Amino acid sequence: MQDQNKREFWGIIIPVEILDSTEISANEKIVYGYVASYRKMCLDSNEKIAERLSVSEKTVSRALQKLQDMG
């Protein structure tokens, strides 16, 4: 059975349409890349994401909420 939370590779890619967006902050772009690097879904806590990206948990929460609101 494949691990549902396995990363596709060890790094992040931020698609050009995300990079070019003026509606998304730099932190939101990096959070997007981190979460999108998982195959199915990212099960990491906001705390772990914040630690890995050297931002606050509040920054991660706001970024995830905005990205979710934007679809």
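**View 1. H2 passes H3 in a right-handed crossing.** A crossing counts as right-handed if the near helix is turned clockwise from the far one by less than a right angle, and left-handed if anticlockwise. The model is predicted, with local features needing pLDDT of at least 70, side-chain atom pairs counting only at pLDDT 80 or more, and totals for chains, interfaces and linings using all residues. Residues are numbered from 1 along each chain as its sequence is written, and side-chain values use heavy atoms, leaving out hydrogens and water. Helices are DSSP runs (H or I, at least four residues), numbered from the N terminus. H3 spans residues 46-53, and its axis and that of H2 come within 11 Å, crossing at roughly 115°. Axes are lines fitted to C-alpha atoms over the stretch in contact, and angles run from 0 to 180 degrees between N-to-C directions. On the H2 side, Ile-30, Val-31, Tyr-34 and Val-35 make the contact; Ile-49, Arg-52 and Leu-53 of H3 meet them. Contact means heavy atoms within 4.5 Å. This contact has 6 nonpolar, no polar and 1 charged residues. Ala, Val, Leu, Ile, Met, Phe, Trp, Tyr, Cys and Pro count as nonpolar, Asp, Glu, Lys and Arg as charged, and the others, Gly among them, as polar.

**View 2. H2 meets H4.** The axes of H2 (residues 26-36) and H4 (residues 57-70) come within 9 Å and cross at roughly 80°. That makes the two helices roughly perpendicular (65 to 115 degrees). H2 contributes Asn-27, Glu-28, Val-31, Tyr-32 and Val-35; H4 contributes Thr-59, Ala-63, Leu-64, Lys-66 and Leu-67. By class, these are 6 nonpolar, 2 polar and 2 charged.

**View 3. H3 packs on H4 at an angle of about 110°.** Their axes lie 8 Å apart. H3 and H4 are therefore roughly perpendicular to each other. Asn-46, Glu-47, Ile-49 and Ala-50 of H3 touch Glu-57, Val-60, Ser-61 and Leu-64 of H4. The contact holds 4 nonpolar, 2 polar and 2 charged residues.

**View 4. The largest pocket has a volume of about 340 Å³.** A pocket is an open set of points on a 1 Å grid over the protein atoms alone, where a 1.4 Å probe fits, with protein on both sides within 12 Å along at least five of seven lines; lining residues have an atom within 4 Å of a point. The volume is the space filled by probe spheres set on the points, which are joined across faces, edges and corners. Of the 16 lining residues, Tyr-32, Val-35, Leu-64, Leu-67 and Gln-68 are the closest to the centre. H2, H3 and H4 each give two or more residues to the lining. H4 gives the largest share, 5 residues. The lining divides into 11 nonpolar, 4 polar and 1 charged.

Note on methods. Angles under 35 degrees count as roughly parallel, over 145 as roughly antiparallel, 65 to 115 as roughly perpendicular and the rest as oblique.
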